[in-house]
Amino acid sequence: MRHARSDALGRLAPVLHTDVLVLGAGLAGMRAAIAARQAAPALRVTLVSPRARASGSSFANRNNALGMQAPLPGQEDLFVAEALRLAAPGHAAPSLAAALAEDAPARLDDLLGLGLCFRREEDGRLRRFPGCFSSVPRAVVFDGLAQAHAAFLAQARALGVELLFGFEALAQLQQAPGGRVAGARLCALRGQQTLRIHAGAVVAALGGPAPLFARRICGPGGSGLAYGLLASAGARLVNTGFVQWFWVEAKGLDFVNPGELAWPEPLAHLAGPRRQHCPMAYGLSDAALDLDLLARQGPGGLTRAEHTQRGALDLALAAHAGNGGALIDAQGRTSVEGLYACGECASGMHGANRLGGGMVLAALVFGARAGRAAAQEAGGQAGGPAGGRTQGTAPAEASGAEQERQDNGQALLRWLGRGMQRFGTPGAEQRTQASARQAFRARLRAVLEDAQTGLRSRLLARSALAVLEGADQADLP
Ligand SMILES: Cc1cc2nc3c(=O)[nH]c(=O)nc-3n(C[C@H](O)[C@H](O)[C@H](O)COP(=O)(O)OP(=O)(O)OC[C@H]3O[C@@H](n4cnc5c(N)ncnc54)[C@H](O)[C@@H]3O)c2cc1C
């Protein structure tokens, strides 16, 4: 169903209707859309993605492979204990960690059913690896992300998921922030077109905050808008300061584990534990190595260090992924009615740190749970007397298409990236002047409060502030 409605400048903006609207087509969004259709084949499910091709950290990351924690039946308690041990000083709920363990066998079966290319032992069994922060070999790995993307897309199409490529979400449709979410406002990546899609329930699967940083190794095509979109809708965010950081060689962005550097005493004994995980840890003693490298940063954010095998290297910190996002319940519901979240923009199943392979598991488990629950909610509304999904909704922010397109946020993003690299990295409060940090935040708040600023820039500023405010709460050693 389609009709047109005047936007703030008086032009006609098409209005579409669906039952479940999924924003983002990484592992989490694909899984949510598939689960929604499987749960309620009579409902319309629409999946929105800025790009048709494989993109984001799920389907275009530079490793061309993904590991997934896959605890076997009987291993649930150990898995949950490990996941929660890593959560401090962040916030994690035992019930959400338990959901990961409970659903892992079913979500692994999904991937096997899609024919993904898993690494196997000679006898054909799945090969199991210890993920970062763990010595238990329970993670499985698949190669070939373009193939994985094609397999997910084919399944979504076969189930009748409606695919809407070339658009990104710039606002949720709701009467006021915190009120029920009843759809989203989309803007074409190219051209002037805007759309409003009214929906019975919305699933945000928008990826993480790494695109906000100048140095990053996330998959291409991420927007960095997730925290901004969720916060604008009034969703409660947690763990947003716990960005995952990797050390890379500054030129080629090749990964370097600080545990492989030559360390004098009294830090040398931390090299062994540090080699057990790639991202910098929060709240663990071996983060002292990372903080030492950070304290020695010179111009351009580079630290010269001696690698035990590769000699002198110029190292820099690169944003890899986030551990924060909208706090969800066991069905993927955020604190805002009608709005679900999953994947890297959702949190609470892990805290400050997460097990290697834990994000793929979380994206699939909470993608499936959110998709099912959203379908159930939308189904109830579709059958309701008022046909609620098409009634009484208006965007909280109303700015015209022209303003949105002219301000695609690129200039702000360039400025923002450098600032986030300087003020959003761990321990920035010790290394940078308080006045400079305050000025940076004041500029972000000004962007946010200026009614003339385009929606995209405002969302970027809001995402950045969510990371910085989260970092204020992070308790570094
Ligand atoms: C190099 C690398 C290796 C990794 N390896 C592992 C691993 O082995 N195991 C593991 O567990 N994790 C790993 N991760 C992390 C993991 O890949 C990601 O956290 C996970 O894939 C995120 O999935 P997602 O669906 O939430 O987000 P993404 O895959 O990033 O997808 C987000 C989607 O949202 C879309 N989008 C963004 N903004 C908007 C908008 N405004 N409107 C509509 N759509 C939007 C994007 O275009 C994209 O389609 C790795 C990450 C990297 C970078």
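Which three strands form an open sheet with mixed pairing, and in what order do they stand?

A: The open sheet consists of three strands in the order 14-18-20, and its pairing is mixed. Strand 14 (237-238) and strand 20 (346-347) are the edge strands, each with a single partner, so one side of each has no neighbour in the sheet. Helices (H or I, at least four residues) and strands (E, at least two) are DSSP runs numbered from the N terminus, and two strands pair if DSSP finds at least two bridges between them. The model is a predicted one, in which local features need pLDDT of at least 70 and side-chain atom pairs count only at pLDDT 80 or more, while totals for chains, interfaces and linings use all residues. Residues are numbered from 1 along each chain as its sequence is written.

Within this sheet, strand 14 and strand 18 (residues 325-327) pair in the antiparallel sense over two bridges, and Leu237 has Ala326 of strand 18 as its bridge partner.

Just after helix 6, Gly234 takes a positive phi of about 100 degrees.

The chain is divided into domain 1 (2-242 + 323-390), domain 2 (245-320) and domain 3 (401-473), with bounds that come from an automatic or database domain assignment. The C-alpha centres of domain 1 and domain 3 lie 25 Å apart, and 27 residues of domain 1 are in contact with 23 residues of domain 3, where contact means that the C-beta atoms of two residues, placed from the backbone, lie within 7 Å. On the side of domain 1 that touches domain 3, strand 10 and helix 6 are the elements that give two or more residues, and helix 6 gives the most, with six. That side has 15 nonpolar, nine polar and three charged residues, if Ala, Val, Leu, Ile, Met, Phe, Trp, Tyr, Cys and Pro are counted as nonpolar, Asp, Glu, Lys and Arg as charged, and the others, Gly among them, as polar.

Of the 42 residues around the ligand, Gly24, Gly26, Gly56, Gly207 and Gly343 come nearest; here a residue is near a molecule if its C-beta atom, placed from the backbone, lies within 6 Å of it. Helix 9 provides the largest share of the shell, four residues, and by class the shell has 17 nonpolar, 21 polar and four charged residues.

Helix 9 contains Met359, which counts as buried because it has 27 C-beta neighbours inside 10 Å. Leaving aside residues up to four places away in sequence, Met359 touches Ala321, Glu344 and Arg354. The C-alpha atoms of Met359 and Ser58 are separated by 9.8 Å, although these residues are 301 residues apart along the chain.

As to confidence, the chain averages a pLDDT of 91, and 91% of the residues score at least 70; pLDDT is the predictor's confidence in each residue, from 0 to 100. Two stretches call for care: pLDDT stays under 50 over residues 5-10, for which the model has 14 contacts beyond four places in sequence, and under 50 over residues 384-400, for which the model has 35 such contacts.

Terms used:
Buried ≥ 20, exposed ≤ 12 C-beta atoms within 10 Å, placed from the backbone.
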